[in-house]
Every structure is written in C-alpha cells, then in structure tokens.
Amino acid sequence: MAAMKILIIEDDREAAAYLVKAFREAGHQPDHAGDGLEGYGLASEGVYDVLIVDRMLPKLDGLSLIGGLREQKIETPVLILSALGQVDDRVKGLRAGGDDYLAKPYAFSELLARVEVLARRRGQASQEPTIYRVGDLELDRLGHKLTRAGKEIILQPREFRLLEYLMKHAGQVVTRTMLLENVWDYHFDPQTNVIDVHLSRLRAKIDKGHAAPLLHTIRGAGYMIRDSAR
Amino acid sequence: MTALGKLLRTTVFKLSLVYLVVFAIGAGLVLMRVGMNVKDLFDDQIDQTVEAEIAGLAEQYRQGGIRRLVETVERRVSQPGSSLYLVTTFAGERIAGNVAQLPAGVLERPGLIETRYARTGEIVAPHRALARIFLLQGGFRLLVGRDLEDREALRGFMLRALFTSLGWLVLIGTAGGIFVAMRVLRRVDAMSASAQTIMSGDLSQRLPRTGSGDELDRLATSLNAMLERIGELMKGMQEVSDNIAHDLKTPLTRLRNGVDEALRNARSPDDYRACLEKVVDESEGLIRVFNALLMIARLESGVAQDAMQDFDVAEVARDVAELYDAVAEEQGVTLTLDADASLMMRGGRELIGQALANLVDNAIKYGAPVEGSAQEKIVKISARRIGEHIELIVCDRGPGVAAQDRARVLERFVRLEGSRSRPGSGLGLSLATAVARMHHGALRLDDNAPGLRVTLELPASAGEALR
C-alpha cells in the first residue's frame with residue numbers, strides 16, 4: 001500500500017509518540033498535533049489522507065473538531081479514538097461525522113488496518129468495479145457469481161458478502177471486528193472465535209484443491225486476501 | 001439549640017399554635033353572633049310589650065282624654081318593676097310618668113329609640129332604655145319604654161364568658177401543643193439517634209418503631225426497608241469487588257509469571273516471542289472483562305439512550321443464529337432457529353444482539369448433554385411475540401442449572417463449579433440481565449427438562465417506556 005499522510009491528534013505525548021513511530025515503521029507519514037486547536041489548524045489544510053482524532057482533547061474536543069472540519073467541507077476520513085468504548089459513544093462519534101471508531105485500549109494492528117481501509121476509500125474513485133479479481137478468483141458483484149480458475153463456487157449469501165468485503169480490500173489486512181462490523185453490521189464482542197470459523201469455512205470453499213492459497217491469516221491482526229503468486 | 005427552643009421549633013407545636021389562633025377566632029365569632037341574636041331577641045320582646053302598652057294607653061286616651069291617660073300612667077308607675085312612662089304636652093312639658101330627664105330632642109322623633117334617661121328623683125341619666133314615642137291626638141306625646149339593665153347584664157356576662165373561654169383555650173391549646181410536640185420530638189430524636197449510629201457505620205441498626213402504625217411508624221418502616229436494600233447492595237458490591245479481585249488478579253498473575261519466567265529462562269528470540277504472544281492474549285482477555293464490566297455499569301445506570309432505534313428483533317435473532325451457526329457446527333451442535341417473520345421494537349439493537357449472542361454462546365459452551373445421556377446436542381433459539389412482550393428463548397439439552405443456583409448465576413462473575421476451568425468471563429448472563437433491565441424486560445432461567453431454558457423477555461413497546 002502506498003504511503004499515507006496521517007494526522008494524529010492526541011494529547012497523550014507518549015501514546016502519540018508510539019503511534020507516530022509505529023505508523024512510520026509501517027511505511028506511512030504521520031504528523032502529530034497535541035491539542036484540538038493545533039489539530040484543527042493542520043487538518044484544515046486538507047492535505048491528509050486520514051485523521052486519527054482522540055475524543056477528549058484540550059482546547060477543542062474531538063467531536064467539535066470533526067464537526068468544524070465537516071462544516072468547512074473538508075471530507076478527510078476520520079477515525080475517532082476514545083477511552084469511552086460504549087455503544088452510545090460510538091453512535092455519537094459516528095453521528096458527529098467520524099468515519100470509524102476505535103475504543104482504547106486497542107491493538108495497533110487493528111488501528112493500522114482500519115486506517116488503511118479509510119485512506120483507501122478516499123483514494124478510490126466512487127465507482128466500484130462490478131467484478132473483483134484476485135489471482136484466478138473472480139467475484140461478479142452484480143451476477144452474484146464466484147469462479148476460481150473458471151470453475152463456479154457456490155457460496156451462502158453471507159459468505160458471499162464476506163468474500164466481497166475481503167476482495168474489496170484485497171492486499172489489505174482486515175480484522176475480525178472489521179468483518180463483524182461490515183459484513184454482519186454488529187459491533188459487539190462475540191465471546192468466541194465465531195469469525196474465524198466462518199473464515200475457515202470460506203477458505204475451504206475457495207482454496208481447497210488449489211496450489212496457491214488466496215485467503216491468508218495474518219497472525220495477531222486478521223485476514224487478507226491476496227494473490228501470493230505475484 | 002436549647003431543649004425549649006427545639007420544642008418550640010417543632011412542626012407539631014407550630015401547627016398547634018396555628019390551630020389555636022383559628023379556634024380562638026372561630027369561638028369569638030360564634031359568641032359574638034350569639035350575643036347579637038340575644039340582643040335582637042330582647043329588643044323584639046321589649047318592642048312588642050311597649051307597642052301593646054302604647055295601644056292600651058292610646059285607647060284610654062281616646063276614651064277618657066288626657067285625665068284618664070294620666071291616671072292610668074300614675075297607677076302603672078306606682079307598681080313595682082313597671083315600665084317607663086312619660087306623658088308631655090306638645091311643648092315637651094312633663095305631665096305624668098316616672099321618667100325625669102331625657103337627652104334633648106328624643107321626644108321629637110316618634111318610633112322606636114334607644115336612649116339614656118333618668119328616673120324621677122335622679123339628676124344624671126345613667127340608665128339606658130328602649131322606648132317608643134307616640135304622638136297622641138291633641139299634641140300630647142306619650143313615651144313608653146323598658147329599662148335595658150337586664151340586657152346589658154347579659155351582655156357583660158357573655159363578654160366575660162368569651163374572655164374566660166378564650167383564656168382557657170389558649171392555656172389548654174398551648175399545653176396540648178407542647179405535650180404532643182414533646183411526644184413527637186422524643187420519637188424523632190430517637191430516630192435521628194439511630195440514624196447517627198447507622199451513619200457512623202453500624203448498618204445492622206434499624207430505626208425504632210412503636211408498632212402503632214402511625215405516620216412516623218410507617219416512615220420508620222420505609223426507611224428500614226431502604227436500609228435493608230442498601231445493606232444488600234453493599235454486600236453485593238463487596239462480593240463484586242471480591243470477584244473482580246479474583247477474576248482479574250488471576251490473569252494478571254499468570255501474565256506476570258509468564259513474563260518473569262521469560263526474563264529468567266528465555267534464550268532465543270522465539271522464546272521471547274512466544275511469551276509476548278501469551279501476554280497479548282492474556283491482556284485481550286482482561287480488556288474484554290473490563291469492557292463487559294463497564295458496559296454493565298453503564299447499562300445499569302441507564303445511559304445508552306443514543307443507541308436506541310426501531311429495529312427488528314427477529315432479524316437480530318436470525319443474524320445471531322447465522323453468526324453462531326458455524327461455531328455450533330464445528331462443536332457438533334445443531335443450532336435451530338424459530339423466529340416470527342418480524343418483531344419490531346425500539347431499543348438497543350447492538351445490545352440485544354450482544355445479549356442474545358451471550359446466551360447462544362453459553363448454550364454452545366456449557367449446554368452439551370451430560371455424558372452417557374441419550375440427548376442430542378441441540379441448541380434452539382426462538383423469537384416470538386407473546387402478548388405485549390417479545391420473548392427471545394435459548395434452550396439447550398445440557399446439565400442445566402439447579403433451581404437454587406438460578407438467581408446466583410445472573411450475578412457478576414458467578415461461574416458454577418465445573419465451568420471455571422473453561423474460557424469465559426462469568427459476565428455473559430450479567431450483561432444479558434443488564435440489557436433486559438435497561439429495556440424494562442427481564443431474564444429468566446427455567447428447566448428445559450433436561451437442559452437450561454433462558455428467556456429474554458422484552459416489552460414490545462420498550463421504546464415508549466424508555467422515552
């Protein structure tokens with residue numbers, strides 16, 4: 001994935017330093033703002049691919065900052081970070097104009113995966129292709145048809161949506177919670193490895209009998225569909 | 001505050017004073033009214049007597065002229081306790097009668113009149129009389145009246161009676177007020193003394209009750225019930241913190257031990273990596289427990305209004321069934337769903353989803369049939385509307401929960417023996433209960449014979465109740 005320009009607006013210096021370092025190691029270009037006003041000033045320039053905004057900030061709180069940017073028609077995708085991980089806070093955050101919401105404490109792999117997906121959404125033309133291709137796997141979104149190496153594979157509707165989401169973000173890590181949120185539209189803790197079981201079923205259907213697996217488990221992060229031959 | 005000051009400040013005493021004043025005014029008004037009626041009665045009687053005498057005397061005059069009138073008057077005057085008489089010429093000169101003196105001008109006004117007068121032989125006019133003046137043919141004037149001494153005496157008597165009774169009223173009222181105030185004050189003092197003891201930490205104390213069932217007694221009963229509830233909550237808090245200590249300390253200890261172990265014995269980067277991965281896993285578990293605890297606390301304080309929406313519970317049930325279907329199959333469990341086509345309600349879709357997921361997860365984890373029994377591994381989910389309620393039911397064919405343990409497993413961190421070794425936070429049912437309560441519903445555990453049957457009951461109109 002190409003380097004993204006990321007603005008991290010976070011008042012906790014240590015957490016911010018960690019994020020800056022981690023994003024740099026992941027090959028991106030992070031900037032940091034220590035309070036709401038500074039962050040608002042930097043974000044107003046509109047040069048960033050993604051903003052990471054803490055909800056509780058000195059001088060200007062996170063939600064007001066997002067509201068201000070959206071009023072100025074600055075549509076940079078925003079991921080809200082919050083220590084308040086509750087259902088209604090999430091709703092408030094998204095309503096205020098945030099594009100995604102992550103509760104602290106979080107795994108960096110989760111944040112990275114989400115930020116990359118957000119940034120890519122910005123880069124992409126609004127026109128989604130009707131056919132996704134990864135290696136010899138072809139998914140026809142309109143015809144609801146899936147083939148691998150020309151052979152049709154029958155999927156359950158939910159499996160189809162799962163694969164569609166993975167292929168839309170081919171080459172990117174998607175986490176279990178991202179899958180639960182985007183494919184099932186729930187944000188709760190499923191207690192068990194329900195998502196893993198769904199993915200292993202999907203894997204059995206698309207990768208079984210093929211030399212090159214397409215669906216990969218990324219340890220400690222999630223899943224990725226990618227053509228490993230290339 | 002002095003004892004007297006305290007007494008005078010009591011509501012009871014102040015009320016007594018107010019009543020006293022009201023009663024005094026009332027008594028005064030009644031007596032005044034009685035007095036006026038008595039006076040009117042007297043006056044009427046006098047008037048009638050006087051009129052009758054005048055009529056008689058006028059008759060005498062008509063028959064025998066002034067001489068006959070004077071004679072009659074003289075005769076009547078000589079009788080003891082006679083009325084008052086005066087006969088004058090047109091110019092006002094006295095001809096006969098026992099009235100010596102009248103205020104000037106009285107004789108000029110015919111009709112009934114109240115006036116002062118003096119009897120013959122007296123110089124000043126100390127008496128009061130009610131009299132009628134009558135003009136006789138020929139210019140003579142005739143006055144007939146009655147002395148008002150009796151009436152005045154009665155009036156004085158009534159006034160005295162009024163003041164004496166008012167005096168007694170004030171005296172008895174004040175004494176009664178003080179007495180009642182003292183009684184109430186004593187009981188209130190006893191109650192606040194008990195409250196002080198309770199506040200200083202002895203929660204087992206209760207407020208004293210007399211058993212009379214009066215308002216203070218009922219207040220004490222209610223407050224005692226409140227103390228009971230507070231005591232229970234305190235005990236619950238104590239248990240929760242004990243459980244938190246246990247359930248959080250155990251993984252924290254494991255985490256620490258793992259790190260210590262790695263620091264002492266790890267040789268290769270792979271050893272360190274393995275240890276760190278374990279640390280991440282353990283902390284994930286801890287974060288989960290924290291999140292669940294925070295969520296329960298949040299739900300119990302009732303603030304999640306922003307997450308409310310109109311949604312279809314049947315669809316949530318279908319989603320959850322579908323989500324867990326794969327896991328169930330992997331465990332060899334048949335997961336079935338029986339849901340109405342549509343079950344609209346207002347509430348937290350995510351919350352209901354989470355609650356149902358917890359129930360299904362529990363059923364799959366702990367609902368495996370007892371070994372050796374002929375039961376199949378089946379978990380049934382059903383979602384249907386029953387009257388005003390929507391019922392989400394999850395049944396398994398496992399060992400179930402003994403009747404005496406059912407209330408306990410809904411509490412935080414309670415995990416029955418035999419399940420402690422398996423993964424889980426012990427918060428799943430508590431969270432489901434909190435979700436049910438927030439929607440003004442309930443969570444029930446029943447015997448599925450065999451197995452456990454958990455019912456999440458939600459009011460179909462939860463939306464109105466929440467708003």
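I count a residue as buried if 20 or more other C-beta atoms lie within 10 Å of its own. By that rule, buried residues make up 25% of the 467 residues in chain B. The model I am working from is a predicted one.

**Entry: the two chains**

I looked up the make-up of chain B and found 10 helices and 13 strands. For contacts in chain B with a separation of 6 or more, I noted that 60% join residues 24 or more positions apart.

Of the 230 residues in chain A, 41% are buried. Residues 24 or more positions apart account for 56% of the chain A contacts with a separation of 6 or more.

**Entry: the sheet in chain B**

I followed an open sheet of six strands in chain B, with the order 2-1-6-5-4-3 and antiparallel pairing. Which strands stand at the edges of this sheet? I found strand 2 (94-97) and strand 3 (99-101) of chain B there; each has a single partner strand, so one side of each is left without a neighbour in the sheet. Neighbouring strands of the sheet are turned by 40° against each other on average, with direction ignored.

Strand 3 of chain B pairs with strand 4 (residues 111-119) of chain B in the antiparallel sense, over two bridges. I noted Gln101(B), whose bridge partner in strand 4 of chain B is Ala118(B).

Helix 2 (residues 11-78) of chain B does, touching strand 1 (84-88), strand 2, strand 4, strand 5 (127-135) and strand 6 (141-147) of chain B. The direction of helix 2 makes about 140° with that of strand 6 of chain B.

**Entry: helices 5 and 9 of chain B**

I took helix 5 (residues 269-300) and helix 9 (residues 428-438) of chain B next; they pack at an angle of about 20°, with their axes 9 Å apart. Because angles under 35 degrees count as roughly parallel, I wrote down helix 5 of chain B as roughly parallel to helix 9 of chain B. The crossing of helix 5 and helix 9 of chain B is left-handed.

From helix 5 of chain B, the contact takes Ala292(B), Met295(B), Ile296(B), Leu299(B) and Glu300(B).

**Entry: where chain A meets chain B**

I found 21 residues of chain A in contact with 27 residues of chain B. Helix 4 (87-95) and helix 8 (194-207) of chain A each supply at least two residues of the side of chain A that touches chain B. The residues on that side of chain A divide into nine nonpolar, seven polar and five charged.

I then asked how helix 8 of chain A lies against helix 6 (residues 313-330) of chain B: parallel or perpendicular? The two helices pack at an angle of about 80°, with their axes 8 Å apart. That makes helix 8 of chain A roughly perpendicular to helix 6 of chain B.

Here I noted Val194(A), Val197(A), His198(A) and Arg201(A) in helix 8 of chain A, meeting Leu323(B), Tyr324(B), Ala326(B), Val327(B) and Glu330(B) in helix 6 of chain B. The residues of this contact divide into six nonpolar, one polar and two charged.

Key
Residues are numbered from 1 along each chain as its sequence is written. Chains are lettered from A and ligands numbered from 1 in the order in which they are written. This is a predicted model: local features need pLDDT of at least 70, side-chain atom pairs count only at pLDDT 80 or more; totals for chains, interfaces and linings use all residues. A residue is buried if 20 or more other C-beta atoms lie within 10 Å of its own, exposed if 12 or fewer, and partly exposed in between; C-beta atoms are placed from the backbone. Two residues are in contact if their C-beta atoms, placed from the backbone, lie within 7 Å. Axes are lines fitted to C-alpha atoms, for helices over the stretch in contact, and angles run from 0 to 180 degrees between N-to-C directions. Helices (H or I, at least four residues) and strands (E, at least two) are DSSP runs, numbered from the N terminus. Angles under 35 degrees count as roughly parallel, over 145 as roughly antiparallel, 65 to 115 as roughly perpendicular and the rest as oblique. A crossing is left-handed if the near helix is turned anticlockwise from the far one by less than a right angle, and right-handed if clockwise. Ala, Val, Leu, Ile, Met, Phe, Trp, Tyr, Cys and Pro count as nonpolar, Asp, Glu, Lys and Arg as charged, and the others, Gly among them, as polar. Two strands pair if DSSP finds at least two bridges between them.
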